[in-house]
Amino acid sequence: MIAKRMEGVSEYYFSQKLREIESLNKEGKNIINLGIGSPDLPPHPDVIKTLQEEAAKPGVHGYQGYKGIPALRQAFADWYQQRYQVTLNPDTEVLPLLGSKEGIMHICMTYLNEGDEALIPNPGYPTYGSAVKLAGGKSVSYLLTEENNWYPDLEALAATDLSKVKLMFVNYPHMPTGQQVDIKLFENLVRFAKENSILLVNDNPYSFILNDNPASLLSIPGAKDVALELNSLSKSHNMAGWRIGMLCGAKERIEEVLRFKSNMDSGMFMPLQLAAAKALSLGQDWYNHINSIYSERRGKVYEILDILGCSYELTQVGLFVWAKIPDHYADAYALSDEILYEANVFLTPGGIFGNQGNRYIRISLCGDLSRFEEAIARISK
């Protein structure tokens, strides 16, 4: 008998869909998966070289500290200073993570008691709601709409009962919609959090992909009083499988989360940490390189969407393209299934991110140009 906390927590959608795609492939379908945002490009060669050289040393294979090595915390702090103009104390305001996804769970387990509420974006990353549920909390969805630039209506939220709300998850640049952030929104969020005694959590892994203006919530004066920010090397440095992320915020918050985290793992492999520090030191040429590749791929995604009769914003950023489906489809699941079973191409239905995504699909930019061109040929038929 499974624990009650598992009731209402379903298997992650992509976990289920990957099994179906695997089954179709065994039937010889050769499915082109344009759904999942797992970077197919390698990290910088110097990052791999650092990992190889450090892993060959004899004294690096033991347990590491729960807070990460000083070199990695300093590298994260330097990265935030250079890229976001945010000053962080590497000793007290930076906590390396085994990927930022685990940070979502750590935060929920640290702050939520049974019955506490957390504000979750709709559409938004499904893990927010799952982590809240597993921690014993209750998810309260706040709606994002295209008409409001996929921003929360903070006035409407303020008029609701927020007495049980302890956390609010935000995610800008936004996934799945690709909406960029206006600094004014960050200012309004900080003010809203202060007025309602809510801890803001900004999940920020997409800010360097096809985005000329990377921004951090912590750049807003007073943000550290009410906010934490998660970040990751998965998308920005093609290191998804390496599982390297970070949490940053005020000393007190970092210490609180560390109390939980230190009971969950035994530190990160030192060569991984040193390689991550190398990645964080890369110059603008690295970001220009990966974005030139993603830009070319995005052009092919636009071709797919045009064939399907979808509409989309050219201003969106990040690792995906979000598009509204034609009216004659019942919902995005219908379109996704039609393309999967008739063209052997998988596109993500927006409904998995909440019912506000029911009329949208999401296409990943992960995959070489030949895969997109083949997808175009299949869908055209």
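## Helix packing and strand pairing in a predicted model

The buried residues of helix H9 pack against helix H2 (45–55) and helix H3 (70–84). This is a predicted model, in which local features need pLDDT of at least 70 and side-chain atom pairs count only at pLDDT 80 or more, while totals for chains, interfaces and linings use all residues. Residues are numbered from 1 along each chain as its sequence is written, and side-chain values use heavy atoms, with hydrogens and water left out.

Some terms come up throughout. Helices (H or I, at least four residues) and strands (E, at least two) are DSSP runs, numbered from the N terminus. Buried means under 20% relative accessible area, exposed over 50%, and partly exposed in between (1.4 Å probe, protein chains only). Contact means heavy atoms within 4.5 Å.

**Helix H9**

H9 spans residues 270–280 and is mostly covered. Of its 11 residues, 8 are buried. These are Pro271, Leu272, Gln273, Ala275, Ala276, Ala277, Ala279 and Leu280.

**Helix pairs**

Axes are lines fitted to C-alpha atoms, for helices over the stretch in contact, and angles run from 0 to 180 degrees between N-to-C directions.

| Pair | Axis distance | Angle |
|---|---|---|
| H10 (residues 284–308) and H12 (residues 369–380) | within 10 Å | roughly 10° |
| H4 (residues 100–111) and H5 (residues 126–134) | within 8 Å | roughly 35° |
| H4 and H8 (residues 251–261) | 9 Å | about 100° |

Take H10 and H12, whose axes cross at roughly 10°. That angle makes H10 roughly parallel to H12. Angles under 35 degrees count as roughly parallel, over 145 as roughly antiparallel, 65 to 115 as roughly perpendicular and the rest as oblique. H10 brings Glu296, Arg297, Lys300, Val301, Glu303, Ile304, Ile307 and Leu308 to the contact. H12 supplies Leu369, Phe372, Glu373, Ala375, Ile376, Ile379 and Ser380. By class, there are 9 nonpolar, 1 polar and 5 charged residues. Here Ala, Val, Leu, Ile, Met, Phe, Trp, Tyr, Cys and Pro count as nonpolar, Asp, Glu, Lys and Arg as charged, and the others, Gly among them, as polar.

Next come H4 and H5, with axes within 8 Å. Their crossing is right-handed. A crossing is right-handed if the near helix is turned clockwise from the far one by less than a right angle, and left-handed if anticlockwise. Lys101, Ile104, Met105, Cys108 and Met109 of H4 meet Thr127, Tyr128, Ala131, Val132 and Leu134 of H5. This contact divides into 8 nonpolar, 1 polar and 1 charged residue.

H4 also packs with H8, at an angle of about 100°. The two are therefore roughly perpendicular to each other. Glu102, His106, Ile107, Met109, Thr110 and Tyr111 of H4 make the contact with Arg253, Glu256, Val257, Phe260 and Lys261 of H8. The classes are 5 nonpolar, 2 polar and 4 charged.

How many of the residues of strand S7 (residues 227–232) are buried? The count is 6 of the 6, so S7 is largely enclosed by the rest of the structure. Both faces are covered. Ala227, Glu229 and Asn231 lie on one side, and Leu228, Leu230 and Ser232 on the other.

Two strands pair if DSSP finds at least two bridges between them. S7 pairs with strand S6 (residues 199–203) in the parallel sense over 4 bridges. Ala227 is the bridge partner of Leu200. On to strand S8 (residues 245–249): 5 bridges join it to S7, and the two run antiparallel. Leu230 has Leu247 in S8 as its bridge partner.

Ser234 sits in the loop between S7 and S8. Ser234 is buried, with a relative accessible area of 4%. Leaving aside neighbours within four places in sequence, Ser234 is in contact with Pro39, Met239, Ala240, Arg243 and Ile244.

An open sheet of 4 strands runs in the order S9-S10-S13-S12, with antiparallel pairing. Strands S9 (311–312) and S12 (348–349) stand at the edges, each with a single partner strand, so one side of each is left without a neighbour in the sheet. S10 (residues 320–324) and S13 (residues 360–364) pair over 5 bridges. Trp322 stands opposite Arg362 in S13.

H10 lies across S9, S10 and S13, running at about 150° to S13. Asn291 is found in H10. Asn291 is buried, with a relative accessible area of 14%. Not counting residues up to four places away in sequence, Asn291 touches Phe208, Ile209 and Leu210. The C-alpha atoms of Asn291 and Gly318 are separated by 9.8 Å, and the two residues are 27 residues apart along the chain.
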